Amino acid sequence: MEVVIAPAEELAVLAADAIEALLRREPATVLGLATGSSPLKVYDELARRHEQEGLSFARARGFMLDEYVGLAADHPERYRNVIDTEIASRVDFAPGAVQGPDGLADDLPAACAAYERAIAGAGGVDVQLLGIGTDGHIAFNEPGSSLASRTRIKTLTRQTRVDNARFFDDDVDQVPTHCLTQGLGTIMDARHLVLLATGRHKAEAVHQLVEGPISAMWPATVMQMHPHATVLVDDAAASRLQLGDYYRQTFESKPGWQGL
Ligand code: GLP
């Protein structure tokens, strides 16, 4: 696992660089798209490069991590709509190239199975963007999630619903109780994981992710088993890392910097 500690703007540039390098090498790349505030600067940077530098997503595909169950099709916080607003509509993805699990399906388990097949059918995810919840969840894999889980229905914890109430008029009762989420096993199949975290409220989750024992109690710790995982954090999110100085030194002295 590589840990990079830098200001948020620099982290976004590094993540965008990794995605751009993939797109230039293989235009038919498969991107794993995350919601939440953590990737927003990355999406801004990608949209800027599309507009100003001709970076094209025309042959790429995108797969979302998760979706709320039951939010109306036109609800602005439905993740499908959030992804459209934040990135899909700002670049040149082909129609239908970005998919997410269907939280409005009549048969939710069948929708989850179909989503797994769609990801596999696309050849798997090349680079997966991730945020992390304060309780250590990635996507919506809450504490206690099987480290081998696949896309399925999950019940959101009270903590996650409180954290996300800011998107729902600060009213926790408006936050859905259930979601569909890629499993930890699904996420681990992606060829490169890039997790972004900023702010002191993420410091304990980041410490556990990087330095804690692998445990379903901190689901993101499964990333320690991934052969190519990058953790991009600002000073505040890095503030509880025991080996913070070492990670800084490693990054600064990295010979022949090749990108993430
Ligand atoms: C949500 C999403 C996650 C995201 C997390 C952190 O619950 N399902 O994918 O990583 O929140 O969100 P933020 O980046 O806004 O802190």
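This passage describes the overall build of a predicted protein model and then turns to a group of aromatic residues inside the chain.

The protein chain contains 8 helices and 10 strands. Its C-alpha atoms fill a box of roughly 55 × 40 × 35 Å along the principal axes. Buried residues account for 53% of the 260 residues. Of the contacts between residues at least 6 apart in sequence, 78% join residues at least 24 apart. The accessible surface comes to about 11300 Å², and carbon and sulfur atoms contribute 51% of that area. As for charge, there are 23 positive and 36 negative side chains, with the centres of the two sets 4 Å apart.

A search of the whole structure finds 7 aromatic pairs. One of them joins Tyr 68 and Phe 140 in a tilted arrangement, 5.5 Å centre to centre with 50° between the planes. This pair links distant parts of the chain, as Tyr 68 sits in strand S4 and Phe 140 in the loop between strands S6 and S7, 72 residues apart. Both of these residues are buried.

Tyr 68 also pairs with Phe 168: the ring centres are 5.6 Å apart and the planes meet at 85°, so this pair is edge-to-face. Because Phe 168 lies in the loop between helix H5 and strand S8, while Tyr 68 lies in strand S4, the pair ties together parts 100 residues apart in sequence. Tyr 68 has a relative accessible area of 2%, and Phe 168 likewise has 2%, which means that both count as buried under the 20% cut-off. Together with Tyr 79, the residues Tyr 68, Phe 140 and Phe 168 form one aromatic cluster.

Key
Residues numbered from 1 in each chain as written. Predicted model: local features only at pLDDT ≥ 70, side-chain atom pairs only at ≥ 80, totals over all residues. Heavy atoms only, no water. Helix = DSSP H or I, 4+ residues; strand = E, 2+ residues; numbered from the N terminus. Buried < 20%, exposed > 50% of the residue type's maximum accessible area, 1.4 Å probe, protein only. Contact = heavy atoms within 4.5 Å. Areas by Shrake-Rupley, 256 points an atom, 1.4 Å probe, with all protein chains shown as cover. Lys, Arg positive; Asp, Glu negative; His and termini not counted. Charge placed at Lys NZ, Arg CZ, Asp CG, Glu CD. Phe/Tyr/Trp six-rings, centres within 6.5 Å; stacked < 30°, edge-to-face > 60°.
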